[in-house]
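Subject: Structure handover

Hello,

Here is the structure for you to look over. My notes come after it.

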Amino acid sequence: MKRIAAITLILIALNCKEQPTKPKVATSQKTEKTPFVWEGANIYFLLTDRFNNGNTSNDINFDRTKETAVLRGFKGGDIKGVTQKVKEGYFTDLGINAIWMTPIVEQIHGVTNEGTGNTYGFHGYWAKDWTSIDPNYGTAADLQELVKEAHARGIRIVLDAVINHTGPVTEKDPVWPEEWVRTDKQCSYDNYENTVSCTLVANLPDIRTESNNNVDLPPQLVEKWKAEGRYEQEVAELDAFFERTGHPRAPRFYIMKWLTDYITEFGIDGYRCDTVKHTEPFVWEEFKTECDYAFKEFKANNPDKVLDDNEFYLVGEVYNYGISSGKVFDFGDNKVNYFDDMFTSQINFEFKWNAAQLGYEELFNKYYNHLSNELKGFGILNYISSHDDGSPYDPLREKPFQAANVLLLSPGASQVYYGDESARILKVEGAEGDANLRSFMNWEAIGSNTSQQEVLNHWQKLGQFRANHPAVGAGIHQMMTKEPYIFYRSYQKGNFNDLVVIGLDLNRGSKAIDVSKVFEDGDQLHDAYSGQQATVKNGKVIITSDNDIVLIEKL
C-alpha cells in the first residue's frame with residue numbers, strides 16, 4: 001500500500017503542544033519506496049517450539065520421552081511451522097516486518113528439574129552444540145526456506161544468540177571442561193562482579209567469556225562430530241576463522257564463530273543477544289565486529305539476496321534496562337553503556353509499566369524525547385509480554401485493544417509476543433512460573449472465537465499502518481489537539497517523506513478531524529482503520545465510522 005505523498009518536513013519545537021507549525025508541502029509529488037527502519041520495526045517474537053507444528057515427524061528426538069511438568073516439554077512447533085504461516089500471509093497481514101525466534105541450536109538431550117518439575121530444553125536456551133540445528137526445530141534446509149520465503153515478503157529473520165552459558169548437566173549431557181566453564185559460583189547480582197563472573201543460575205555452567213587462554217574443543221563435541229562424520233570439516237573451518245581473525249582459541253571466540261555461521265550460510269538479519277549483562281561488555285564489541293563482518297561477507301557473496309543497505313541488527317537483553325536510563329545500565333558500583341560499539345537496540349523492560357501508568361500523550365512524548373536526544377541513532381524494543389517476564393502488562397487479556405494502541409503506536413520498535421494479537425491467556429492451570437507464558441499458540445480460538453477475531457483484526461490494522469509508515473515508530477511526534485486526542489508523526493530519509501495523523505478515544509459516528517495544521521484543502525486522505533477516503537475541506541476531513549480511532553494517510 002503506497003499512499004505517501006512527498007512532503008518537506010520541518011522540525012517542530014517540543015514545547016509547541018497545541019499549535020504545531022504546519023509542515024510545508026513540496027511541489028514535487030514523487031513517491032519513494034517505503035524504507036525498512038529497524039528503529040521503528042514491528043518485530044514478532046515467538047518460541048519456535050510453541051508457535052506452529054509444520055512437521056509432526058520431528059516431534060520426538062534423542063528419546064526425549066520422559067514425563068515433564070506442565071508446559072515443560074517439547075510440543076512440536078518448528079521452523080516449517082513458521083514458514084507455513086509466512087506463506088499464508090499471517091505475518092504480512094499483521095504488519096510484521098521481522099520475526100525473532102528463540103534459539104534453534106541443538107539442545108541438551110536429557111531432562112532436568114529446576115525445581116518446577118522435569119524440563120527439556122524446548123525453549124532453546126540450553127545449548128549442547130551451537131553448530132547444529134536441533135532436529136525438533138527442523139533442518140538447515142528448513143531454515144534456508146524460511147529466510148528465502150520471509151525475505152521475499154520483506155520480512156527479516158532474527159535469531160537468538162546465547163554466549164554466556166551451556167545447557168544444564170544431565171545423565172546424557174556431561175559438563176564441559178573446566179577451562180571452558182565455571183560451575184562453582186552462582187551470581188548474587190549485588191554488584192557488577194557478582195553479576196558477570198558467575199553462573200546465571202545454579203544449573204547453567206557459565207562460559208569463561210573473560211578468558212583469553214587457548215582451549216581445545218570439548219571432548220563431547222569431538223566425539224559427536226566424529227560420529228556424525230563432520231569433525232574434519234568443523235576443525236578446518238575453525239582453523240580458517242582463527243587464522244583470519246587472529247583471536248586466541250578462547251571459549252567465547254569458538255561460540256562467536258559458530259553463531260556467525262548462521263549469518264554467512266543462511267543470511268539471517270539480526271541477533272537478539274541473551275543475558276547481556278552477565279557477560280563482559282568487551283565481548284559484545286567483539287561479537288558486533290564478527291557479526292558485521294559476516295553480514296558484509298554474505299551480502300558480497302549473495303548480491304541477489306540483499307534486501308537493503310541496513311546493517312546487521314543486534315538487540316541486547318540487558319535485564320531490567322529501561323529507556324529512562326538513557327544509554328547506561330547501573331549495576332550500583334559500575335555503569336555500562338551497552339549501546340555504543342555494541343548494540344543497535346536494547347529491550348526496554350520499562351515499557352509495560354509506562355504503558356500501564358501513563359496516558360497516551362505522556363507516554364508517546366516521553367519516548368519521542370528520549371529517542372530524539374540521548375538515544376538518537378539507536379533504538380529500543382518495547383514489549384507488553386514476553387517469554388520470561390512474570391509480570392506482563394495484561395496477563396488475562398482484559399484490554400487487548402488498549403494493549404495494541406500503546407504498543408504499536410509508541411515511538412520505538414515494537415515486540416509482538418506470539419499471542420498478544422490473539423488474546424492468548426498468560427495463565428495456565430497447573431503451570432508454574434514462566435511456563436504460564438509459554439502455552440501453544442491459540443490457533444483454534446482465532447479460527448472460532450468472534451471476539452478474538454475482532455482483537456486480531458485490530459492488531460492487523462494498526463500493525464499494517466505501522467509497517468507502511470516508518471513515521472509511526474521512528475518519526476517526530478507532535479500532539480495536535482488534546483481533546484479530542486490527535487497527533488501527527490513525520491519522518492524523512494533521503495527522498496522519502498512520510499506524514500500521518502492519528503486520533504484515539506474519538507467519538508463514534510461522524511468525526512470532523514481538524515487536519516489544517518498538517519494537510520491542505522483539497523488533499524485526498526485515507527483512514528486506514530475504517531477504509532474511508534475523504535477530501536480536506538476548510539481544514540477538516542469527515543470520517544463516519546463506529547470506531548474511536550482514525551489512522552490518516554495521504555493518498
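Below is what I found, from the whole chain down to single residues.

This is a predicted model: local features need pLDDT of at least 70, side-chain atom pairs count only at pLDDT 80 or more, and totals for chains, interfaces and linings use all residues. Residues are numbered from 1 along each chain as its sequence is written, and side-chain values use heavy atoms, without hydrogens and water.

Overall fold

The protein has 15 helices and 24 strands. These are DSSP runs, numbered from the N terminus (helices: H or I, at least four residues; strands: E, at least two). The radius of gyration is 24 Å, which agrees with the value near 24 Å for a compact globule of 555 residues. That radius is taken over C-alpha atoms, and the globule rule is 2.2 Å times the number of residues to the power 0.38. The C-alpha trace spans about 75 × 50 × 50 Å along its principal axes. Buried residues make up 60% of the 555. Buried means under 20% relative accessible area, exposed over 50%, and partly exposed in between (1.4 Å probe, protein chains only).

Arg272

Arg272 sits in strand β10 (residues 270–273). Its relative accessible area is 1%, so Arg272 is buried. The Arg272 side chain makes polar contacts with the side chains of Asp274 (2.9 Å) and Glu317 (3.4 Å). A polar contact is a pair of N or O atoms within 3.5 Å; within protein, one must be able to donate a hydrogen and the other to accept it, and residues adjacent in sequence count only if both atoms are side-chain atoms. Leaving out residues up to four places away in sequence, Arg272 also touches others, including Trp100, Tyr125, Asp160 and His387. Contact means heavy atoms within 4.5 Å.

Helix α6

In α6 (residues 219–228), Gln220, Leu221, Val222, Lys224 and Trp225 are buried. They pack against β3 (105–107), β6 (127–133), α7 (231–245) and α8 (251–266). Gly229 follows α6, with a positive phi near 75°.

Backbone points to check

Most residues other than glycine have a negative phi, and most peptide bonds are trans. Asp63 has a positive phi of about 55°. Asp63 lies in the loop between α1 (48–51) and α2 (79–88) and is exposed at 53%. Asp341 has a positive phi of about 65°. Its loop runs between β13 (335–337) and β14 (345–348), and Asp341 is exposed at 55%. The peptide bond from Glu483 to Pro484 is cis, with omega near 0°. Pro484 is in the loop between β17 (476–481) and β18 (485–493).

Best wishes
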